[in-house]
Amino acid sequence: MTATVTAAGTAMLGDLAARWAADADTARLDAAVAARRTAVATLRNLLREMTKLAAKYRTADDLASAAEAELNTRNADAESAAGRLSDAVQQLSDDMERWAAALTGPAPEPALRQRWLEQVTTESIAASPRQVLQQLLMRDWLTPAVDPRTTRVAQLRTEAEQQQSAATAADREADELAMHGDPVPPAPAGWTRRPRPPFPSADGAPLWRLVDPADGVERDVLDQVEAALTAAGLLDAWVTVDGVYTAGRDGTDVVATSLPAAAGPALSTVLVPAGDSGPLTATITAILDGIGFTPAGQPHANAVAVALDGRWQTPAAAGQAGPAEHGAELIGAAARAAARQRRITELHELAEQHRARADDANQAADTLVDEIAALRARAEQAPSDGDVVAAALALTAANRERDTAQRKHVALAGKADAARQVWETATADATAHALEHRLPNSDEHLDAVTEALDNAAAAIGRLRLAGQGRDSAEQASAAAESKTTESEAQLDAGVEAEQTAAAEAALLDERATEAEKAVARGDQELFDRAAELDRESDALKSAIAASHRDGLALAGAAATAQSDWEQRCREQTTAEQDRAAAVVSWWIPVDAGLAAARNLPEPCGRTIDDALQQARTAIADLRPASWPATRTGREDRVRQVTARLFAGPYTELQTSLEAKGGRAVHAAEADDARPLPEITMVVEASGKQLTPAAAIAHLDDQIAKLSATHDEKLHQMYAQILSSTFINHLRDRLKRVLSLLSTVNDVLERHPTGANRTTLRLRRHPRNEQQAGYKILRALESGSFESDAAQEQLQAFLIERLQQVQEAGLPGVDDWTDRLATLLDYRDWFDVVCEFRVGTAPDPKWKPLTKQVHAVDSGGGKVVTLMQPLLATLVALYSDNPAGPRPLWLDEAFEGVDPNNRAIMLRMLCDFDLDFLLAGPGALVAAAQVPAAAIWTITRAPAPLPGVDLSLMLWAGNALQVVPVADTAAPLLATPRPAEQDGPDLLSTLTADLGATGSEEMR
């Protein structure tokens, strides 16, 4: 107790600690120690916080000083950039004059060049300057010169292609005529004829193919006959074997039918069947005999007849035909050949004419192309305003960086002052806490206080143990008294049990006496049993005699079995010798490493059973499919596998090792000293030969050493990443993302939509399988990244990302770097989702904007709800390049959107500072929400004339003002009239009065 009082005084537990120790009141002593420990811990936390705040103040002060130095540098840079812009404009003016003076052809007018320079100068002071000189040169000088030439080139090329296609078609037609052999008459006009079968054949042929001129027939007679037959519709009529038209066979065709013999001269006096008419000879002969042939100037004597002067007659019509331009072309092989050759010659001549026209057109087009190339070459030699734009962008960037540096200096100076005040406040709090609890204000003295508290706690513990020992002794005494009472009760129970056992013994003695009296009643049963045994003895004697006979038979069988047994012994001896040899052979591959190579269990010993068990395992696990059952088959299979091994994998391995230099693989055949074939490898420059297993082990060892070195390098790299570039870059990008989301959400909050005042906002949610990356971002955002746990979390994250890159097996350093950059892209670690809140709701809360929620909105509300997040995303993309334009082009803009929502969207477009162009049926931007905009009205030319005209109005100050523009379409649409024509022009009146209008708006 005395030690406890002393320790409590040293620990400064209070004036009542001695009384509590005397009363063994350990609970109050423990409470006092705990309170003292809490006060010490609180002071330590205050001291640590004070130290951190002091470091933050020093860091903030250093940053403020650096920002002031950077501001001075940015001011000097801005002044220098302004001078460079002025020099670049002057240099461009000089270069333009030199270029114009060097042109061999017509140069741009001086007034035009001056206007170009003025526009370049105007663009250089714009918020987002861009290169315009090349565009102006193309529009005002090059395009007016090139476009007419380009149009003419296209026309000439088209004409050349058409002429070339016509020449090809003429050659193709000539080739087809040469291949077919016979000319083919044109298809009938006014009706459709069936596809005719090949002719001449048993199916038939046209009449002209089945006849030839008779001997001695003059050419002019043949010309008249062919013309008359053609006019009568008989020349190309189909001739069948039976001379009859059958609908099911002949279909849609004209068939020449047989006629009765003509009275007087017949056509057969002029025409005869062709030599290859075949089965159609009889039919064509009958047809020729049935058609009359009338001399010139005489009347026809037959219903169907042709005359020498070209007259013809059928039962339904009659007339006269003059000969064709080139005479007969179908009747007779000679006429057909001459007609075919004439047509081929004509087609070839026509093709040459088309080709000549195509060459002329191509030459004219080539001349124009050269002129266009010369014009474009002169345009490419024109000076560029790229240096002016670069100087303007540099000035804009310098001014922006100067403004940024100024804002940064003001912000950092304010942060440094705030950090100093926070540090002073923390120092005062720590000092007050130390004075209140009578504690020192340094860690060294607090360690002494903590040690005293530990000693006091130990003394209190010993005091508590002493009290517990006293309580245990009292409890043991009470337990002994209870045991004594229990033993006396057990003794009384034993005496009672002894008396009960004596009574049970007397009862058993009486039952034994009754059993002795009942023995006499069993004698008769014994006599019956003896008679039964006599009967069984007789049966056994008969069985002995039968057994003797069986013994003699078995003796003969035993002699045969003896002989078989001796044979089996000899076979067993041979088998044991083979087994011993097999066991020895089995241990050879096992000793060579078979078990380790194929994951077989190691044997317990070297006995036959051990070898047999391991071999059975090998058969079950390693036996190939379709393994031969015979020894010869197995040996053949082994030879085949060995041959394939040395022809394939062995050769590939040898080639791979030798290609690395100083490495090789060697194979040795089995012999008396080497029972198995052996493969050795050289896997390093030392030239040492190793077995495959040893080579693998050696390479594994090298891999382990290299891996250790690699891990050390990775650890160093992680430390560098954690301390510098990666974290700073990630922190900077995260600040930009948060700032952008905050800006967009502020704009969305200022523009609620609909009657219910629905407000949207964008929130970040972790993406699936990217929880680790999102936690890194949250740690950076909360400022808790300096802790050891956060550092370990980031290191584990980087290790996991690097392992993914390594597992991808990318071949090149660039691919490896690109993959790692993709995995460390913080933008893939989260999704930006949309939430909404209804302003008129009793309890407005943010809810996710799902498809189901969006589907129940009105048409205009749906459009606005979709447009707001899209515009926010567009602004996010444009914010990466503050100096660039911010275009937004919409066709049929705000179709179906009510005026209120339309006003909200227009106000949002202006708040986002978007350069929007809206196309629609009306003047959409003529609204109070738009400060200024240009409205272009497009007027189509009256049909069938092509082209449009434009008119311009300016919206500013909530008023529309018409801006005159040059009427470039009127001269083109005006109808040329003779000079002497007076009076109004109807077309010009229509042009002025008619036109379909649309509108296109540009801001």
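Predicted model: local features only at pLDDT ≥ 70, side-chain atom pairs only at ≥ 80, totals over all residues.

A nonpolar core, in my notes, is a set of buried Ala, Val, Leu, Ile, Met, Phe, Trp, Tyr and Cys residues joined through side-chain atoms within 4.5 Å.

**Entry 1: cores**

I looked up the largest nonpolar core and found 56 residues in it. Leu871, Phe894 and Leu914 touch the most other members. Which helix gives the most to this core? I noted helix H18, residues 725-749, with 9 residues. Another core lies apart from it and has 36 residues, including Ala88 and Leu156.

**Entry 2: aromatic pairs**

I got 4 aromatic pairs for the structure. To describe a pair of aromatic rings, I need the distance of the centres and the angle of the planes.

I started with tyrosine 57 and tryptophan 423: their ring centres are 5.9 Å apart and their planes are at 5°, so I wrote "stacked". This pair links distant parts of the chain, 366 residues apart. Tyrosine 57 sits in helix H3 (residues 26-102), and tryptophan 423 in helix H10 (residues 386-436). Tyrosine 57 is partly exposed at 22% relative accessibility, and tryptophan 423 is partly exposed too, at 29%.

Next came phenylalanine 199 and tryptophan 208. Their centres are 6.1 Å apart and the planes are at 90°, so this pair is edge-to-face. Are these two buried or partly exposed? Phenylalanine 199 is partly exposed at 35%, whereas tryptophan 208 is buried at 1%. Ring pairs also link Phe199, Trp208 and Trp238 into a cluster.

**Entry 3: charges over rings**

I went back to tryptophan 238 and found arginine 194 over its face, 5.4 Å from the ring centre. Elsewhere I noted the charged end of arginine 764 over the ring of phenylalanine 830, 5.7 Å from its centre.

**Entry 4: a sheet**

I looked up an open sheet of 4 strands, in the order E5-E6-E7-E8, with mixed pairing. Which strands are at the edges? They are E5 (292-294) and E8 (318-320), and each pairs on one side only. Neighbouring strands here are turned by 15° against each other on average, direction ignored.

Strands E6 (residues 305-307) and E7 (residues 311-313) pair in the antiparallel sense over 2 bridges. Alanine 305 has glutamine 313 in E7 as its bridge partner.

Key:
Residues numbered from 1 in each chain as written. Heavy atoms only, no water. Buried < 20%, exposed > 50% of the residue type's maximum accessible area, 1.4 Å probe, protein only. Phe/Tyr/Trp six-rings, centres within 6.5 Å; stacked < 30°, edge-to-face > 60°. Lys NZ or Arg CZ within 6 Å of the ring centre and 35° of its normal. Pairing = 2+ DSSP bridges. Axes fitted to C-alpha atoms, helices over the stretch in contact; angles between N-to-C directions.
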